[in-house]
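Here is a friendly note to read alongside the model.

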Amino acid sequence: MADAIPEPSPATRERILEGAREAVALHGVAKLGMADVCASAGLSRGTLYRYFGSREALLLALSRREAERFRDHVLAAAREAATSEARLAVLLASAMQEVQAHRALQRLLESDPARVLAAIRSQFAALRGQLREILGGDLERLTPVERGLVDADQLADWITRLLVTYYLVPDDEPDRMQSGLAAMHRMLGADDSAPDASPETS
């Protein structure tokens, strides 16, 4: 009687995806082979193919997983901000740091942008909804929202699109990106309701 095939293990699946992540960072996507993933994960080809029947299925799962990780790391940083005033600034800065530090995401974007875009699209609504939930009243208190120039849901949508843009089109000068984010945060929080300083005409 043949031995029973063991049930799929979430831990093994995660090990494979982590190995794929490392392999993509090393080799890129164009030249990536299943043998490279096996070597990085320390697993046999038989185990790999039991979880992912093709290279395409593995890369799709990896793209989705890394998009989810990016989302989770950025949102976690926002949750841990010391004050509500700092939450938006922390969220934007964290997104930039994730983009800069993640070699596999950068390599995947360079070698297979269509796959990355598909993963981002599948995660976009979830990211926007979670960002809206985390920032909550912080968005409501921003000057443009209080003045009725934009509502909090629209602002959450714009910020989400900004986060995605920083991943898709990173600046070659990280310091310039950082200063730009800080300026945007100051602009959103600025109270420009004071009377115009220009002289009035009679």
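1. A word on the ground rules. This is a predicted model, where local features need pLDDT of at least 70 and side-chain atom pairs count only at pLDDT 80 or more, while totals for chains, interfaces and linings use all residues. Residues are numbered from 1 along each chain as its sequence is written, and side-chain values use heavy atoms, with hydrogens and water left out.

2. Start with helix 1 (residues 10–27) and helix 6 (residues 103–111), whose axes lie 8 Å apart at an angle of about 60°. Helices here are DSSP runs (H or I, at least four residues), numbered from the N terminus. Axes are lines fitted to C-alpha atoms over the stretch in contact, and angles run from 0 to 180 degrees between N-to-C directions. Helix 1 and helix 6 are therefore oblique to each other; angles under 35 degrees count as roughly parallel, over 145 as roughly antiparallel, 65 to 115 as roughly perpendicular and the rest as oblique.

3. Which residues make this contact of helix 1 and helix 6? Helix 1 brings Arg21, Val24, Ala25, Leu26 and His27, and helix 6 brings Arg103, Ala104, Arg107 and Leu108 (contact means heavy atoms within 4.5 Å). By class, five of these residues are nonpolar, one is polar and three are charged. Ala, Val, Leu, Ile, Met, Phe, Trp, Tyr, Cys and Pro count as nonpolar, Asp, Glu, Lys and Arg as charged, and the others, Gly among them, as polar.

4. Helix 1 also meets helix 2 (residues 34–41): their axes come within 8 Å and cross at roughly 115°. From helix 1 the contact includes Gly19, Ala20 and His27, and from helix 2 it includes Val37 and Ser40. This contact has five nonpolar, three polar and three charged residues.

5. Now look at helix 4 and helix 7, which pack with axes 9 Å apart at an angle of about 25°. That makes helix 4 roughly parallel to helix 7. Among the contact residues are Leu59, Leu60 and Ala67 of helix 4, with Ala119, Ala126 and Leu127 of helix 7. By class, the contact has 10 nonpolar, four polar and seven charged residues.

6. How many cavities of 30 Å³ or more are there? The count comes to one. A cavity is a set of points on a 1 Å grid over the protein atoms alone where a 1.4 Å probe fits but cannot get out, and lining residues have an atom within 4 Å of a point.

7. The largest cavity is lined by 14 residues, and Ala67, Phe70, Ala119, Ile120 and Tyr167 lie nearest its centre. Helix 7 gives the largest share of this lining, six residues. By class, the lining has 11 nonpolar, two polar and one charged residues.

Technical notes. Helices (H or I, at least four residues) and strands (E, at least two) are DSSP runs, numbered from the N terminus. On a 1 Å grid over the protein atoms alone, a cavity is a set of points where a 1.4 Å probe fits but cannot get out, and a pocket is an open set with protein on both sides within 12 Å along at least five of seven lines; lining residues have an atom within 4 Å of a point. Grid points are joined across faces, edges and corners, and a volume is the space filled by probe spheres set on the points.
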